[in-house]
4 protein chains.
Amino acid sequence: MGLAILCSGGDAPGMNAAIKKFVDYLQKRGETPYLIYDGLEGLIDGRIKKAAHEDVAGILHRGGSVIRSSRSKRFYEYAYRQQAYTNLKKHGIEGLVVLGGDGSFCAMARFCGEFPVRVVGIPTTIDNDIYGTDYALGVDTALNTIRDALDKIYDTASSFNRAFVVEVMGHQSGYLTALSAIASGAEICVIPEKEFQISLAQERLKKEISQGRRYILALVAEGTGRTEEIARWIEKSLHFETRVTILGHIQRGGVPTSYDRMMAFEFAVMAVDYLLDHPTSNVVTVFYEGQFALKKIEEVANKRAPLQQKYIAMLDRLD
Amino acid sequence: MGLAILCSGGDAPGMNAAIKKFVDYLQKRGETPYLIYDGLEGLIDGRIKKAAHEDVAGILHRGGSVIRSSRSKRFYEYAYRQQAYTNLKKHGIEGLVVLGGDGSFCAMARFCGEFPVRVVGIPTTIDNDIYGTDYALGVDTALNTIRDALDKIYDTASSFNRAFVVEVMGHQSGYLTALSAIASGAEICVIPEKEFQISLAQERLKKEISQGRRYILALVAEGTGRTEEIARWIEKSLHFETRVTILGHIQRGGVPTSYDRMMAFEFAVMAVDYLLDHPTSNVVTVFYEGQFALKKIEEVANKRAPLQQKYIAMLDRLD
Amino acid sequence: MGLAILCSGGDAPGMNAAIKKFVDYLQKRGETPYLIYDGLEGLIDGRIKKAAHEDVAGILHRGGSVIRSSRSKRFYEYAYRQQAYTNLKKHGIEGLVVLGGDGSFCAMARFCGEFPVRVVGIPTTIDNDIYGTDYALGVDTALNTIRDALDKIYDTASSFNRAFVVEVMGHQSGYLTALSAIASGAEICVIPEKEFQISLAQERLKKEISQGRRYILALVAEGTGRTEEIARWIEKSLHFETRVTILGHIQRGGVPTSYDRMMAFEFAVMAVDYLLDHPTSNVVTVFYEGQFALKKIEEVANKRAPLQQKYIAMLDRLD
Amino acid sequence: MGLAILCSGGDAPGMNAAIKKFVDYLQKRGETPYLIYDGLEGLIDGRIKKAAHEDVAGILHRGGSVIRSSRSKRFYEYAYRQQAYTNLKKHGIEGLVVLGGDGSFCAMARFCGEFPVRVVGIPTTIDNDIYGTDYALGVDTALNTIRDALDKIYDTASSFNRAFVVEVMGHQSGYLTALSAIASGAEICVIPEKEFQISLAQERLKKEISQGRRYILALVAEGTGRTEEIARWIEKSLHFETRVTILGHIQRGGVPTSYDRMMAFEFAVMAVDYLLDHPTSNVVTVFYEGQFALKKIEEVANKRAPLQQKYIAMLDRLD
């Protein structure tokens, strides 16, 4: 039985670990693994290859994805999905493992409704905003990359009266920003999920400055669009020399952490087992309230996970 | 109300994060935090200090423990425990937070039975072998330190026909070794919890070498005492040039990961809340089956957590 | 004989190594080391302390400066310089070691002309634009921090058709940008020292894209102010999704590299030896054309080192 | 004109950077680059490939060597060298760039005396013991890897009364050990080049312990074979709990530093230019007293660089 793996949407650390485990474990179970290059674009164009050991040797500690990823506009059209299915059929591929996020899961749910293909989604996005799972591949590595950047900034913070405004990734999700603010003890955290009351922050910080505070670290979620505003406010109202850092795509790269590798392995094994053993529907592997589980793809797609209340509470403690 | 924190036994990354959160959160709750330096030795000798902001500023990203740790033989004697209690009483300290492992929890359980002091233990050991909790502070950082070393070894592995035998910490526990073997895809894993069948491994590897395998990575838990034996076996039977690495105390150091900081914060807040709000007995903060909880110290002490069956199963898949 | 050390201007990795060596070596030579906190501001305000072993223990691997730094407007006024001298005299300090850049050296040259104090400057700035020396403390660490960020970006670059525009520190100096572009193989490098011909770059890259180029990495020196312009140009003319990263103060932090520590030690020993043995004038320690030497402070101050021709030539090879 | 590159002997970080620059620069100069896989073994067996862009894309930040390396016994025999030459001739390869050490240079010197091939050696060994050059590729990365390990050990050192004995690579050369001891401020450094007087060290350390020293870091060069002896001595005579770390092959891996990449580029460009422009003899690229130069291969081979006196002097200052 042939099964294939592909990456869809934004890449994230841990993809390679999932790919490697998919290939190794499927071979151990006596079946044939295929790699689809360049995501749904490659699926449409037939860039499909039977996986050999060399394709996945020595990739565990590499960031990015060796089979690359893509966003595909063409996949919205039925004709291209038809073409995609024909490509799968040509290789005898009956099941797909898709590393991606909400958008990719929606696309796959539709695809599997139209054609006799089973899919298992593995949640993969550093934003950690996929509904129904507390964890998506790449998050732990991204958090540590941001933490490392903030640790470096703290080194220099102690030398001067300075403020540092750091923009962290996340469009509608403040997860990375919130957890980084907690883990690094930032003074300010601006996220979409929590109103930032500038006057309260000003009062608190003015008091702390009068008591000897030498530096301010402010984290701002990219999606709020308030990075520059916060920087100007600190400079004008708190009279600290203020420098902006925009972390950007650094946050998507880096050697995957141990945690991301272990999660990738668990998800990949669950995905393979499900597809080989009893694929009654299309599912997503999740880690929810401390347990691994499978959820129907329709349950997960088209929704967005809110930031957990406990993190909001931890941020309140920062104030 | 005065509460104090101390570190006992082997140090581990994340101790400083717990210490900082203990101080900050206790102050936020309007109570007085104390620091006890040099563990139980310092408790006996009265090295106790009311914590000031400067004591814990900028320590989040530092390995080790700013209040240091120790092993204490004297604490086994009643007279010294009496002296320790007198020191606490002098400062009005009614509760203690202890960062340590099984041995420290046993000592504290006895101490709290003799004197009117409440204690909360926070599991802290890179061995991750404390009964009743799936996580102890320091483990995630240690796993990533080992992973980083193994990633470096893989770089050089691809250049030659070579075997690398790496000794990983863990006296009776193979946790670090097992998880590192899984996360880095080692070919051999020798731990106390699983019989290592040298003849089976030899057969498997000879076959793989004949199919083109260029290198072998073998992880050996320190507690098995078999590092040299494994190295000699590979050299003699598999004819690979073999080099030994003993990671040693590198594994205890390093900047704490985001995960270790978050766990340290959760544990510290739980500990403070319990001691301030309803300290009916002496407890340990745990993370068990995906949930944070408090367990009675007697439940946790004097036992040792076995390596979870799921990791044994994952190792089987390596074979 | 008393000698003191202070940091002035922007901080840089390696300051702590120089401070530690200054203290240790001076003690070894039987003299008394002093620390001046908060730079010239602290000198004016008398924040001077006889150095003890504990002040410099365990600081080698810490970024920033344990004695902090500052920029001082007051030091431009004679009255404050007079006050600074009085403070030095009070402690019997006859010589100063100053970790800083051109501006600090100018200030010290004037100060030493007015009062009987000898000074040795140690070039310290990640910009590496101090005249008369090929190396300033902090440069190697900054280069490796930037490199690490670019390596992470490359991980993710291979997954998509994307361009990455990274702003690197450097006001009038393109040194960090140029060397980072060379060391990481960037496709575009925009620095103050070299005209960037947008039409030539466009032609070259269009050709490469037609031949299969999947990503573009563009480095832009902060001082050119062209970061946004370059990003917009790539997006519009080359049709690549483009993301901006501004590294900011991350570049000043981080654990000092081995190279920065060794240079710090050499400079510190040279400074101490000069001040103790034959301080006929005020000098700066330099590393010039592969040799350590001392140059008169007037030779070094008030000029700016141009980017070496060999780096311009290496950039030409990138085009 | 065809030129080829190969790696010989122990691998070192920076090899990939040299390989990439060799290919890119040679193409820029309009000539044809070849890659020889698996070192001299691959040369004998004809594993030679015309280099394509994909062979060297994205390898700058990878440790090890993508064309691998080997030690070859067969190359000592004339018949195999004859075969090697035939392979080169078949591809029209007239010049070779060899990344390696003294042994490899000797082999090449002989080979080029027998057959009409020109060779340029690029010094590559983390031991930094090649005669006639102050720098060999890989040294800076290795120093930083060791430093990072020692920094981690210092984290944990401050918690306990403990000694750490760390074995550093280097057979006859104490370079890495000596420079690491200096850069990390070790208390003990045992290298082949300097007599270690155990009684003097004992006296000094006993005095320091009585004054409050809490930990001891001892670095021992692998080639002295004294790691265990030193550990036992500290335990018995100084009564510190002592742990041994053997860094092993970790020291050969890791992402190449900026310095190693820049040196690799310089050496590679020099090698290509020499081979294309005026290859009157067989040479080695060197960096000597701050200058890049070419030296005749016979001058460099068959000798060993002693540890520079200035480092011995710096070690004396540690005592």
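In this predicted model, helix α8 (residues 198-210) and helix α9 (residues 227-238) of chain D have axes that come within 11 Å and cross at roughly 50°.

**Helices α8 and α9 of chain D**

- Two packed helices are described by the angle between their axes and the distance between the axes.
- The crossing of α8(D) past α9(D) is right-handed.
- On the α8(D) side, the contact is made by Ile198(D), Gln202(D), Leu205(D), Lys206(D) and Ile209(D).
- On the α9(D) side, Trp233(D), Ser237(D) and Leu238(D) make the contact.
- By class, the residues of this contact between α8(D) and α9(D) are 5 nonpolar, 2 polar and 1 charged.

- Strand β5 (residues 118-123) of chain D pairs with strand β10 (residues 283-288) of chain D in the parallel sense, over 2 bridges.
- In this pair, Gly121(D) has Val284(D) of β10(D) opposite.
- β10(D) also pairs with strand β11 (residues 291-296) of chain D, in the antiparallel sense and over 6 bridges.
- Opposite Val283(D) stands Lys296(D) in β11(D).
- β10(D) and β11(D) form a hairpin, with 2 residues between the strands.
- In the turn of this hairpin, Glu289(D) has a positive phi of about 50°.

**The sheet of chain A**

- Chain A has an open sheet of 7 strands with mixed pairing.
- The order of the strands in chain A is β3-β2-β1-β4-β5-β10-β11.
- The edges are held by β3 (48-50) and β11 (291-296) of chain A.
- Each of these edge strands has a single partner strand, so one side of each is left without a neighbour in the sheet.
- From one strand to the next, the twist averages 25°.
- Within chain A, strand β4 (residues 93-100) and strand β5 (residues 118-123) pair in the parallel sense over 6 bridges.
- Val98(A) has Gly121(A) of β5(A) opposite.

**How chains A and B are related**

- Two copies of a chain are related by a rotation about an axis and a shift along it.
- Chain A is superposed on chain B by a rotation of 180° with 0.0 Å of shift along its axis, at an RMSD of 0.0 Å.
- Gly290(A) has the C-alpha nearest this axis in chain A, 1.8 Å from it.
- Of the contact residues of chain A, 100% recur in chain B, and the same surface serves both copies.

**The contact between chains A and B**

- Chain A gives 28 residues to the contact, and chain B gives 28 residues.
- On the side of chain A that touches chain B, the elements giving two or more residues are α1 (15-28), α6 (139-157), α7 (175-184) and α10 (258-277) of chain A.
- α6(A) gives the most to this side, with 6 residues.
- The side of chain A that touches chain B is made up of 11 nonpolar, 10 polar and 7 charged residues.

**How chains A and C are related**

- Chain A can be laid on chain C by a turn of 180° and a shift of 0.0 Å along the axis, with an RMSD of 0.0 Å.
- This is the relation of a two-fold axis.
- In chain A, the C-alpha of Ile246(A) is nearest the axis, 2.3 Å from it.
- The copies meet through the same surface, because 100% of the interface residues of chain A are also interface residues in chain C.

**The contact between chains A and C**

- This contact takes 28 residues from chain A and 28 residues from chain C.
- The elements that give two or more residues to the side of chain A touching chain C are α6 and β9 (241-246) of chain A.
- Here α6(A) gives the most, with 6 residues.
- By class, the side of chain A that touches chain C has 8 nonpolar, 14 polar and 6 charged residues.

**Chain pairs that do not touch**

- Chain A does not touch chain D, and their nearest C-alpha atoms are 9 Å apart.
- Chain B does not touch chain C, with nearest C-alpha atoms 9 Å apart.

Conventions: Residues numbered from 1 in each chain as written. Chains lettered and ligands numbered in written order. Predicted model: local features only at pLDDT ≥ 70, side-chain atom pairs only at ≥ 80, totals over all residues. Contact = placed C-beta atoms within 7 Å. Axes fitted to C-alpha atoms, helices over the stretch in contact; angles between N-to-C directions. Helix = DSSP H or I, 4+ residues; strand = E, 2+ residues; numbered from the N terminus. Left-handed = near helix turned anticlockwise from the far one by under 90°. Nonpolar A, V, L, I, M, F, W, Y, C, P; charged D, E, K, R; others polar. Least-squares fit on C-alpha atoms with pLDDT ≥ 70 in both. Pairing = 2+ DSSP bridges.
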